[in-house]
Amino acid sequence: MQSTETNDIIRDENDELELVIYSVLGDRPDQQDCFGYKLDKGKCLCVVSDGMGGLDHGRDASDLCVAEFLHAFRPVEDFSVEEELLEPIRSADEKISALVDEKGEHLNAGCTVVGAMICKGQLNWASVGDSRAYLFRGGKYARLTKDQNYKTYLDESLRAGVISEEVYVDQSRFSEALINYVGMGMVRRSGFIDSNLESLPLRSGDVLMIMSDGVYKLLADDEINQCVINVPNIVNMAQTMEMKMVSAARTHNIQRDNTSLAVIRIK
């Protein structure tokens with residue numbers, strides 16, 4: 001299934017897991033997020049892609065990116081990280097970078113993406129940009145993905161002693177700028193896809209979340225973790241997070257971005 005519809009809430013399950021996907025327009029005039037999933041016996045693919053609002057045709061880019069993942073999905077016995085997670089990103093990057101309008105002019109479209117595959121109890125993921133994946137287990141959590149934005153570059157440069165504190169503070173105003181996204185046309189050459197090298201074994205009760213930046217820019221990691229701890233039902237969990245995002249936006253007078261959240265609980 002693939003969708004960019006506003007205020008979608010989808011629930012599905014198989015013998016191994018249950019899944020909820022929730023998507024909200026926010027205060028934007030149009031929905032540039034797109035999500036998709038495929039669920040089979042012993043296997044689940046879930047993808048969230050965020051069309052870049054500062055570029056034209058972000059929705060076209062996110063639609064195309066999710067479609068590449070869904071098209072590459074294989075039966076459980078033929079699972080391939082390379083062909084089902086990495087190659088869809090490379091292919092989408094090339095196709096999006098080549099998009100043109102009716103006059104033949106380059107669209108300058110782009111998107112971020114995070115895709116997660118659970119196959120026979122093992123998790124693999126791949127991402128480009130600043131959409132995120134988290135794993136919650138036993139009251140603790142880990143962010144699996146690495147934001148590919150200027151803040152990450154500044155943080156690493158400061159730790160390595162390449163830049164000073166003064167430069168870090170001065171340049172932090174550009175921290176949200178992406179240094180990599182799908183549609184640049186460089187992913188295949190650069191190999192700049194964030195992914196796990198070894199499959200991660202999952203346990204009963206584990207919760208996996210993948211999300212666009214509209215979620216974590218309103219809710220801190222610890223707040224999300226408290227929702228996981230205190231709200232066992234994942235439908236209610238997603239709804240609770242949405243209520244908290246609405247409250248945070250009102251309290252801080254923030255214009256809400258498009259928001260897409262997928263929650264997967266291992267049975």
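This briefing describes selected local features of the structure shown above, grouped by topic.

The model is predicted, so that local features need pLDDT of at least 70 and side-chain atom pairs count only at pLDDT 80 or more, while totals for chains, interfaces and linings use all residues. Residues are numbered from 1 along each chain as its sequence is written, and side-chain values use heavy atoms, with hydrogens and water left out.

**Aromatic rings**

- The structure holds three aromatic pairs, a pair being rings of Phe, Tyr or Trp (its six-membered ring) with centres within 6.5 Å, called stacked if the planes are under 30 degrees apart, edge-to-face if over 60 and tilted for the rest.
- One of these pairs joins Y134 and F136, which are stacked at 6.0 Å centre to centre with 25° between the planes.
- Another aromatic pair, that of F136 and Y141, is tilted, with 5.9 Å centre to centre and 40° between the planes.
- Y134, F136 and Y141 form one aromatic cluster.
- F136 counts as buried because its relative accessibility is 2%, and Y134 is buried too, whereas Y141 is partly exposed at 31%; buried means under 20% relative accessible area, exposed over 50% and partly exposed in between (1.4 Å probe, protein chains only).

**Charges over rings**

- The charged end of R132 sits over the ring of Y216, at 3.5 Å from its centre, where a charge sits over a ring if NZ of Lys or CZ of Arg is within 6 Å of the ring centre and within 35 degrees of the ring normal.
- K43 lies over the face of F73, 4.6 Å from the ring centre.

**Positive phi in loops**

- N108, although not a glycine, has a positive phi of about 60°, and this residue lies in the loop between α2 (81-97) and β6 (111-119); helices (H or I, at least four residues) and strands (E, at least two) are DSSP runs numbered from the N terminus.
- N108 counts as partly exposed because its relative accessibility is 37%.
- K120, also a residue other than glycine, has a positive phi near 55° and lies in the loop between β6 and β7 (122-128).
- K120 is exposed, with a relative accessible area of 62%.

**A nonpolar surface patch**

- Y153, I179 and F192 make a nonpolar surface patch of about 270 Å².
- Patches are made of residues with over 30% relative accessible area and no salt bridge, with like charges joined within 9 Å and nonpolar side chains (Val, Leu, Ile, Met, Phe, Trp, Tyr) within 5 Å; a salt bridge is a side-chain nitrogen of Lys or Arg within 4 Å of a carboxyl oxygen of Asp or Glu.
- F192 lies in the loop between α5 (187-190) and β10 (194-195), and F192 is partly exposed at 36% relative accessibility.

Terms used
Areas by Shrake-Rupley, 256 points an atom, 1.4 Å probe, with all protein chains shown as cover.
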